[in-house]
Amino acid sequence: MRLTLKEKASYGLGAVGKDMVYMLSASYILYYYQDLLGVSAAVIGVMLLIARIFDAFNDPIMGVIVAKTQTRWGKFRPWLMIGTLTNAIILFFMFAAPPTLTGSGLVAYMSIFYILWGVTYTMMDIPYWSMVPAFTSDGKEREGLTTLARSCAGVGSALVTVFTMIIVHMISNNEVIGFKWFALIISVIFVVTIGITCINIKEKSTVNMETPSIKQMFKALIENDQAMTIVITIVLINAAVYTTSNFVIYFFKYDFGGERWFDSYTMFNIFGGGVQILSMMILYPLLRKFFDNIKIFYICLGSAILGYAALLGITFTSMKSVYVLFVPAFFIFAANGVLQVLTTVFLANTVDYGQLKNGRRDESVIFSMQTFVVKLASGVAAFIASICLSINKLNSDSAVDEADKLKDFSLEVASSAKMSLRMTMTILPVIGLIVALICFGKKYILTDNKLKEINEQIKAKG
């Protein structure tokens, strides 16, 4: 039986709330603790990286736990709801650091809640994406649902990108207080949207089989060369994306500058977020009419690289108008929107490939890797950003004196620091995208025809 419109909408709505939570953490945790609370950027970077290393063990184990789960509500929905509720609570406390905490106490608080946030996010994210192969009937339906979910996730990410600082400032002139209550708003939205998903989605095609051990799980991932190829590709692409997203607010605050830097920052995010949403909903389906997914992947990587190159060039001009930055933003955000859809489609396809090659349909195991690698990419990006910020001493206290908060921030920042910021947020992402292009081009073989052949062989085996 094909999915109903209600089921599709419910699944997509869950993606909106899920990625609102993720984008708030990925894009603003560094800014909140480093720029607002004064924690050392180097300390934050190390902590974020350690948390991602911890996830290397936690995420695959969670994939196995999900695979072992058998309840009357299915194997996915119980963990989806438990993970959502706990993650929402942790998110609020992560952005509600007690004002009395300073120094090592604040670092300990941040570290504990950030690691707990990663653990609880895994509890929710793995079952969410693992459900795709489990309640879709074929590759075409799976691709359509994945496209919808990624589009909705892009909407969630874009909403946070666009409205975070606007609403934070509407809540309070004190950004610390603003972030606290904004995090609560996002947490509530998260619980409501995932709740709707859990109520309206039921598993339809989960294959009953022996649950793999940890050893078998890693063996299956290693033997599934297509899954490993996509995992590496996702890490590289997302590291590029999150490196840029971590730096955008610093770029506008300390480089683009001006008393109205916040207005320019907001306009840039509105434009970029809109482009990203439209690229998922309109551009990808349009390109799909003329090209297969692999060709679209190459087109988008080329577009992103071109956008970063243009951005670097523009930063050496006077940059008097934010509208000039819309040109590279279009190529970068449009490409990113489509790439987020494609990498998930590619990963879902490796489930069928693994079933044919290894005799196992390990959707939970495969998708546990997506959860891990996306978080790993954000950790690597935050670590890179923290190094740059630490070296160049970019923060509110060092940039201006308290009496000069309303002056032109950019005038207080050394030209060498600006140059380092520009190079890091453009050249490093390009390097990552080029490596992703080479890796994907050499290893990925699951064309449309190959997937059709695989599905036919699976059906023939019964």
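In which crossing, left-handed or right-handed, does H9 pass H11?

The structure is a predicted model, in which local features need pLDDT of at least 70 and side-chain atom pairs count only at pLDDT 80 or more, while totals for chains, interfaces and linings use all residues. Residues are numbered from 1 along each chain as its sequence is written, and side-chain values use heavy atoms, with hydrogens and water left out.

The protein chain has 15 helices and 0 strands; these are DSSP runs, H or I of at least four residues for helices and E of at least two for strands, numbered from the N terminus. Of its 462 residues, 59% count as buried, that is, under 20% relative accessible area with a 1.4 Å probe, protein chains only. Among contacts (heavy atoms within 4.5 Å) with a separation of 6 or more, 86% are between residues 24 or more positions apart.

I turn to the helix pair of the opening question. Helix H9 (residues 261-288) packs against helix H11 (residues 326-358) at about 45°, with axes 8 Å apart; axes are lines fitted to C-alpha atoms over the stretch in contact, and angles run from 0 to 180 degrees between N-to-C directions. That angle makes H9 oblique to H11, since angles under 35 degrees count as roughly parallel, over 145 as roughly antiparallel, 65 to 115 as roughly perpendicular and the rest as oblique. The crossing of H9 past H11 is right-handed, the near helix being turned clockwise from the far one by less than a right angle. Residues making the contact include Phe271, Gly272 and Val275 of H9 and Phe330, Phe333 and Gly337 of H11. By class, this contact has 15 nonpolar, 6 polar and no charged residues.

The second pair is H1 (residues 5-36) with H3 (residues 77-94), packed at about 20° with axes 11 Å apart. H1 and H3 are therefore roughly parallel, and H1 passes H3 in a left-handed crossing. Among the residues in contact are Leu24 and Tyr33 of H1 and Leu91 and Met94 of H3.

Tyr33 touches, among others, Val39, Ile44 and Leu106.

Finally, Thr233 lies in helix H8. Why is Thr233 counted as buried? Its relative accessibility is 1%. Thr233 touches Phe297, Ala436, Cys439 and Phe440, not counting residues up to four places away in sequence.

How values were computed:
Buried means under 20% relative accessible area, exposed over 50%, partly exposed in between (1.4 Å probe, protein chains only). Ala, Val, Leu, Ile, Met, Phe, Trp, Tyr, Cys and Pro count as nonpolar, Asp, Glu, Lys and Arg as charged, and the others, Gly among them, as polar.
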